[in-house]
Structures are given as structure tokens and as C-alpha cells.
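Let me put the model up, and then we'll walk through it together.

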Amino acid sequence: MSGANCFNDMPTEIFAASCTTISKNENERSSGDLMETNGDVYEHLPNNNVCPTKNFTIDSVIGDVTSQPGQQDQGAVSSGDPSPSHTPSAAMKSDYQVSNSSIVDYNNGSIKNHKVKSSRKKLGTGVGRGRPRKALVAMYHSQISGDKNTIKIRIKKSNLTAQVQLQPNKKKSGRRKKQKATSDTDVSDYEYNNVKKSRASSDNDVVTSTQDQEPQEQSVWGEHIPEHILYKIFQNVCVQDGCLPNLVRLCRVCKLWRNVALTPSLWNKVDLNYVKEPFRTDLQLHWLIYNRLACCQDLNLGEWKVRDIQIAIEALCAHCPNLQGINLSGWKGLNADNLKYLTTESKKLERLDLSSINSTSAINSQPLVALGQTMSSRLTHLVLAHNKMAGFTQIMASIATNCPNLQLLDISNIRTFAHNSALLHVEKLQIGCPKLRVLRITNSQIWLAPASLTEQVASPGFPLLEELSLAGLEEDQTTTSRSVDDDGIERILKNSTKLRLLDVRGCIRLTDSGLVKVPAWDLEHLFLSACYITRTQNSGLELIVQKWSHSLLEVDLAWSTATSSLDAAVTALAEKGFESKLRIVNLCGSSVSLEPVKAVLMNCPNLHSINLQSCRALPRGIKRLYTGDAVQELKQSLQNRPKNDVSESENEQSPAHPIAAVE
């Protein structure tokens, strides 16, 4: 027995001994024995009353009733008058458990039988019980993720207020009892729960299943393949798909595969988010650190609810000497002492994710300032997203002064006490961090600090920058997108000729002249949704698209209301013909016409996804999201459509606000 099975399974010896003792002492019980009657275990209630809390097996209960039908004990369970000559079948046992079970209530010497209803009742959730509910407030969350082909950046509004309201339940008197799930088989409640636990442990506790389990038979494939060849194969699998769950599954093939899969050097990049929530415990983490992560270089511990953070960090620093990157997102109890110990004792640490670590109060600037001073030139990746901070300007000054090798800086969704208190000195960051490749300031209350003309000229810019995200929400007047204009985008993207991703959604002060001046010529991902240029007639949107039409992989023009400029821009995407690399087009909620859409479908052979939801100028029946083979089906349907078939809603007026119902 290994892993969680040893915690979930009750020892069968205890269960058998309990049943044997109950059946053996059946005839020796007196009418006043209230602690053990017919297999029930009773606990004392106030006023010297007792009630049954656990029934071990159905067989013991039915055996008492059927073996002695003529005798009624004071502590016996009444269940009708079955005949002693009949042997209870599986159906009778199930029916007895579901509908014929009863509870004896001892109330001041009187005995009353109450039937237990089989239907599961919802526990009380009324207003009068427990703590008062807090008001649910809609919050915005920035979801930034990347894959092998494209980089997707989305801003999603979580609809917390649309949850179903719970109906208040009537108050119940007496002791509230935990409801049990009914079963159609002849197994007891204990056996039924044990089966459920064993299934859950076998499915979830896959990491610790490699402790003691060994396959009984060796396969022919496993016996003859050399270990060094098998190691190379496993290594390629881990590089391509990750260590987990592949190595855990490979351990189950045969003994040889298990020995090779447990090689510590294969466990160099481990994402422990694969472990299910019930098994993310301190004990499990320490076992993995001591037995599997000796050679780990990149470890993801995001959202692990670790109770003793200091002991966990000490174990990591002591037993993972090669650790270079760690994700501690969601560790609400992380304090200054923990950060100081981690950055000081982990000598090779370079990448650090501290997103969503503040619980109630804002993060003090002193621990993060000390972090920049301690890690110094070692720090290459720093994620501080989804936090409320105090002293943001001092933190950025420390990073710009002490971290010359920084390559990634994520300060998305940063909240401060005042919208103008978090100032980002771009020129100082460009001088101090010339190797920066990724800069994310999505939906943050950060404003660009003013700089003199001399400082702007002396700044070297970000020559290696590949990704810049300045997206923000239209409704929020305090985010970076509200402060960025043509001058701001020019300051940030100075000498950024290697830029591949540009996200300026919601930047209403940014014009077409500012985008045309972007120094990059091989942009691959362009997000312009809700920008000023997408809602202005006769804007330079077509020129912007033409500049990067040869290299674009993904374009976002959602909620564009300038029909003429939008049609010209979409048509420009198809001008490269079969040389086009375009894969993803988002036209959701826009006023694009049918002909530009047909041009993109016919002339872009690599198109994988096109979003036509809520496009008011398109015919009915095609306004939806198309991905994969659905794109080819849409292409065929438009080719077979008659030429005189026009849209029913070409003359509809465009709404002032880009929010419409999705069909």
C-alpha cells in the first residue's frame, strides 16, 4: 500500500474485529446497554439521551431482526415484523437500508421510532444561520498565457454577481445529521465510502504511486531495450510534454521503465499543479522534495496551500541545489523573512513568480527592494502580477539599479492606494535592464513618469524587446491604457526592432500615426480591439495592417465600428495571397462586410480560426466562431452562395458601445 491509499483505506482487521464482536455478544446484551445495540454506536447527548451515529453493516442489523423476531429490546431497532424463515436477499438489504431504517429516540425514558427519509436534503443556508454573506463584487482578471504557435492575451470579466442565489431553508430543531448517499447494492455505508475513497486515491495520487508499486510482469519491450536508449526517449518526452504526468505513467509499465523514469535528472522541470487539490499537503510536498526533486531546475508550486511556509522553503533550499526557477503564486502567507531566506540560500535561483501573494493588506516595498538587491544580476524573470503594492516606484528603482540581466517583467493587474502614485520611469528601466524581452503592464494602475527631452535622447531603449502589453479596460479610468499616447508608445518602443507582440487594446489616446512609427517590421501578433483608430472613419488602419501583413499570425480587430476603414484593413490582410502566414482573425462585434471576409478565407491558406460573432453586417447563420475544419466548411458555403445574396442588416446603425449579445 502506498501513497494516499494508506490514508484512505481503513484496515480490514479493525472492521472484521468490530463485526465479530458485535455478532458474538448479540445474546449477552442487556436492555439497558445503550452504547452498542444491533451494530449501532451511540454517543451521549444532553439530558442523558443518546442517538445512533454509525451503522457498520446491513448484515448485522438484518441478522438481529430476523434471528429474534419475537424479542424486542429497549435498544433494538424496529424495522417491521419479518419472518424468521426467510433469508434476506440483496434487494431486501438495499430496501432495508434505504427506506426501512429507523432511529430510536430516548427522550426522558420514552421510546419513539422515527423513519429516516431516503432523499438527501440540502443543508440550511438561510440568512439566519452562520456568518453574514459578503457582497459579491465583479472583479477583472487578466489571463495571459502562451503556447507553441501563438501568444494569446485575454482580459476576462468574472461574472460573480450572476451566481444563483441560494434559497433560505427552514430552521430545524435538534441535532443536524450528516446525510449519506444511498446505494442500490448490498454493500454497507462503510464499504461504499471505502470504494469511493479508493477510486479517488488511485486517480489522484499518481505522484506518490511511484513509491512502492512495481509491476508484476516484465514486458518483452522492457526487457530488451537498453537503458541509455530508454533514457533518451524519456528525456525527449519530458522536453516536449513535461515531466508530469508522463513519468508517473511510464513507471507503471515495467520494472525497467520504472527504474529509468525515476532517474533524478529527468525530473528537472516539474509542474506540481498536476496534483489534485486534496493531495496538495505539506507531507506530500516534503516527500516529493526528498525523493523526486533532487535535480529539479524549474518548479511550479502555484496555488499550493502550504501551512508551514518557512519549513517548506528550507527543505527546497537544502535538497534542491540546482533550482533556477520557482512559481509561488497564490502563497498568501509569504512574508519578508521567507523571501529573504529563499533569495539568500538558493544560490542559483533566477526566475521568481510572486503573483497573487498578498491576502488583505498591500505588499510592503521593503521585501521586494531587498529582493532586487540580493538577487542582483542573477534575476532574469520576475512576475509581480495580481498584487496590491505600496511603494511601487521604489521597487522599480531597485530593479533598474540592481538587475541588469532581467529579461521578463510582469506587472499586470497591479493596484495601488492612489492611481497616480505608481509611476514607471521608462528611461531608467531601459538603462538598467537593457536585456528586457517581455514587458507586461496589462490593466494596471501604473502611469508613465514624465521625462525630459535630454533623458529621452540618452535612453538606449529596449533593443531586445519582443512582447509589449499595455491593454486595459474601457471602463477603468486609472489604468495604463488611459495614459499611453503616441509619445508614450514611442518612448517605450525606442529601438525595439525585434518586437513580435503588441497589445494596445483599450488605448483610446493612441492614434494611427503613433502605431505606424513602431520600429518593428516583423510583428506577428497585433491586438487593436477598442482602440481609437478602430472607431474613427478614414483612419490609417489599412496602412497599419499593410505594414505587417507579410508577418502577421494573429490580428484582433474586435468591436471595430468604422466600416470603411475596417473593410479596407481586412482586405489588406488577404493581399499577400498564399504567402500569408495569418492563422487567427478576431472580428467579433465589428461592422465588417461579407466581401472582405470572403477575401481572407479564399487567400489565407493557413487560417485556423476566425471569429464572426455578433458581426452586424453579415448574413444570418454565419455569425459564430470557426476553428479548424469549420473554417474550410465556411469557405465552401460562401463559395456556393449566390452572388446576389446580400446581408439583411447592412444598413443597421452601429451601436455606440461595443457590447452586443453573442449569437
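So, to start: what percentage of the 663 residues in the chain is buried? Buried residues make up 44% of them. By buried I mean under 20% relative accessible area, while exposed is over 50% and partly exposed is in between, using a 1.4 Å probe and protein chains only.

Some ground rules. This is a predicted model, so local features need pLDDT of at least 70, side-chain atom pairs count only at pLDDT 80 or more, and totals for chains, interfaces and linings use all residues. Residues are numbered from 1 along each chain as its sequence is written, and side-chain values use heavy atoms, with hydrogens and water left out.

How confident is the predictor? pLDDT is its confidence in each residue, from 0 to 100. The chain averages a pLDDT of 74, and 62% of the residues score at least 70. Over residues 132–168 the pLDDT is below 50, and this stretch has 70 contacts in the model beyond near neighbours in sequence. Contact here means heavy atoms within 4.5 Å. Residues 194–206 also stay under 50, with 23 contacts beyond four places in sequence. Where pLDDT is low, the predicted coordinates should not be read in detail.

Now the overall layout. The chain has 23 helices and 23 strands. Those are DSSP runs, numbered from the N terminus: helices are H or I with at least four residues, strands are E with at least two. Of the contacts between residues at least 6 apart in sequence, 75% join residues at least 24 apart.

Let's go inside. In soluble globular proteins, nonpolar side chains tend to be buried together. A nonpolar core, for us, is a set of buried Ala, Val, Leu, Ile, Met, Phe, Trp, Tyr and Cys residues joined through side-chain atoms within 4.5 Å. The largest one here has 133 residues, and those touching the most other members are Leu272, Leu354, Leu468, Leu502, Leu587 and Ile610. Helix H11, residues 309–319, gives the most to this core, with six residues. Take Ile610: apart from neighbours within four places in sequence, its contacts include Val585, Val597, Arg624 and Tyr626.

In H10, residues 282–291, the buried residues are Gln284, Leu285, His286, Trp287, Leu288 and Ile289, and H11 is part of what covers them. Beyond four places in sequence, Tyr290 is in contact with Ala315 and His319.

Helix H21, residues 563–573, has its own buried residues, among them Leu566, Asp567 and Val570. Their cover includes H20, strand S20 (554–556) and helix H22 (594–603).

On a 1 Å grid over the protein atoms alone, a cavity is a set of points where a 1.4 Å probe fits but cannot get out, and lining residues have an atom within 4 Å of a point. Grid points are joined across faces, edges and corners, and the volume is the space filled by probe spheres set on the points. The largest cavity holds about 30 Å³. Its lining is Leu368, Leu371, Gly372, Leu382, Leu384, Ile395 and Ile399. Helices H13 (365–375) and H14 (392–402) each give two or more of those residues, and H13 gives the most, with three.

Most residues other than glycine have a negative phi, and most peptide bonds are trans. Which peptide bond is cis here? The one from Leu244 to Pro245, with omega near 0°. Leu244 sits in the loop between H7 and H8 and is buried, at 10% relative accessibility. Its C-alpha is 6.9 Å from that of Tyr274, 30 residues away along the chain.

Then there's positive phi. Asn495 has about 65° and is partly exposed, at 41%. Ala530 is near 65° too, but Ala530 is buried, at 11%. You'll find Ala530 in the loop between strand S19 (525–527) and helix H20 (541–548).

That's my tour, thanks!

Note on methods:
On a 1 Å grid over the protein atoms alone, a cavity is a set of points where a 1.4 Å probe fits but cannot get out, and a pocket is an open set with protein on both sides within 12 Å along at least five of seven lines; lining residues have an atom within 4 Å of a point. pLDDT is the predictor's confidence in each residue, from 0 to 100.
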